[in-house]
Amino acid sequence: MDNTQDSTEVTSITVQTKDGLNLRATLYASHIPAKSIVIINSATGVKKQYYADYAHFLVSQGFMVLSYDYRGIGESQPKSNKQYKLMKMQHWGELDFAACIAWCQTHAPHLPITCIGHSVGAQIIGLAHNNHALSACISLSGQSGYWRYWDKRKWPKLWLAWYGVIPLIPQFIGYLPGAILGSEPLPKGVAQQWAQWCRHPDYICDQQGKKWRPYFSQMHSPMHFYHISDDDDFAPLKSVKALAQFYRNAPVTLERIHPEDHNIPFIGHFGFFKKDMPQTLWQTTADKINTLLIKNNLEDKNNDENIDKDKSNNTFFDMDLHHEKT
């Protein structure tokens, strides 16, 4: 993997959002022409650098990669405290991720765009107005955060988190300390909106508590959801299936990853992207991207040949989920 890093060109760039915020991003590329540009959407409070080794691997597999820090996270900090106070979790999708899609369209117009969303990174795909530009998506432990999808034995702890600790601490100090989550600090508005969502059965909702799905239905490109079998603390299977249902017009498949199948004791919510993961595990995602891109090309061709086809019927969600790997 070290040789791969030596052959990768790493460039720090700035992506400007519609509301004028500068996001710090990293572009990973090779002198060999890429077959797709992959945007990595991070988990909550996780810096882009966490995905660096995985990005290098994807470059070795023929992809260009764009990773970035959401607003308020890592290097993507606002110029004023006022901007920090106005930040919400929804902005990560509707402004930040949307800006990254637009950047790819401008700077790599010849390449299909793929998204790999880790945890919240898979949720915010449906918040970007231009997500129809994506050719394929992979979700790694993406889930609905509604707390009752978790095992009942965890409910007391989750109730305390979503009704107490996470919304209330930022109310007094202006942010959620990173030590609470084991991540970067979260801006007050991000933490409190996240808590509101996690208390609601529909998860992503507006301020009045009404279900909010702004651009989920316009996703028609294939999406593949990975569930990690030992990720019960952050993304149990029920919550992963719930998020997959948000994308009702996309061809969705779901696959379970078991650590024992790769001769490792544990993966959990954050282990997948660590450098010591078996390369065969990372290879499954690279191969899946190739498969999804081929599938998308075939569907585009079929749509061209059947112009009158009702796209609302172009979903294989129920069929595919009944064929998940166990």
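**How the terms apply**

Guide: Lysine 48 and glutamate 75 form a salt bridge, with 3.5 Å between the closest N and O atoms. The pair joins distant parts of the chain, 27 residues apart: lysine 48 is in the loop between β3 (36-41) and α2 (52-60), and glutamate 75 is in the loop between β4 and α3. This is a predicted model, in which local features need pLDDT of at least 70 and side-chain atom pairs count only at pLDDT 80 or more, while totals for chains, interfaces and linings use all residues. Residues are numbered from 1 along each chain as its sequence is written, and side-chain values use heavy atoms, with hydrogens and water left out.

Visitor: Why is the contact between lysine 48 and glutamate 75 called a salt bridge?

Guide: The term requires a side-chain nitrogen of Lys or Arg within 4 Å of a carboxyl oxygen of Asp or Glu. The distance here is 3.5 Å, so the pair qualifies under the 4 Å limit.

Visitor: Is lysine 48 buried or exposed?

Guide: Buried means under 20% relative accessible area, exposed means over 50%, and partly exposed is in between (1.4 Å probe, protein chains only). Lysine 48 has 8%, so it counts as buried.

Visitor: What makes aspartate 19 and arginine 71 a link between distant parts of the chain?

Guide: Their salt bridge has its closest N and O atoms 2.8 Å apart. The two residues are 52 apart: aspartate 19 sits in the loop between β1 (9-16) and β2 (22-29), arginine 71 in the loop between β4 (63-68) and α3 (81-86). Aspartate 19, at 41%, is partly exposed, whereas arginine 71, at 4%, is buried. The strands and helices named here are DSSP runs (helices H or I, at least four residues; strands E, at least two), numbered from the N terminus.

Visitor: How many salt bridges does the structure hold?

Guide: There are five. Another one of them joins arginine 153 to aspartate 151, at 2.9 Å from N to O. Arginine 153 is exposed at 73%, and aspartate 151 is partly exposed at 34%. Shared partners also join Asp19, Arg71 and Asp96 into one network of salt bridges.

Visitor: Why is helix α9 described as largely enclosed?

Guide: Six of the eight residues of α9 (residues 237-244) are buried, so the helix is largely enclosed by the rest of the structure. The buried ones are Leu237, Ser239, Val240, Ala242, Leu243 and Ala244.

Visitor: Which helix supplies the largest share of the lining?

Guide: That is α6, with seven residues. At least two residues each come from α5 (120-123), α6 (155-173), α7 (178-181) and α8 (188-199).

Visitor: What is a nonpolar patch on the surface made of here?

Guide: Leu168, Phe172, Ile173 and Tyr175 form it, with about 440 Å² of accessible area together. A patch takes residues with over 30% relative accessible area and no salt bridge, joining nonpolar side chains (Val, Leu, Ile, Met, Phe, Trp, Tyr) within 5 Å and like charges within 9 Å. The areas come from the Shrake-Rupley method with a 1.4 Å probe, and for residues only the protein chains shown count as cover. Helix α6 gives the most to the patch, three residues. Phenylalanine 172 lies in α6 and has 73% relative accessible area, so it is exposed.

Visitor: What sets serine 119 apart in its backbone?

Guide: Its phi is near 60 degrees, a positive value in a residue other than glycine. Serine 119 lies in the loop between β5 (113-118) and α5, and at 6% it is buried. Asparagine 263 also has phi near 60 degrees, but at 74% it is exposed.
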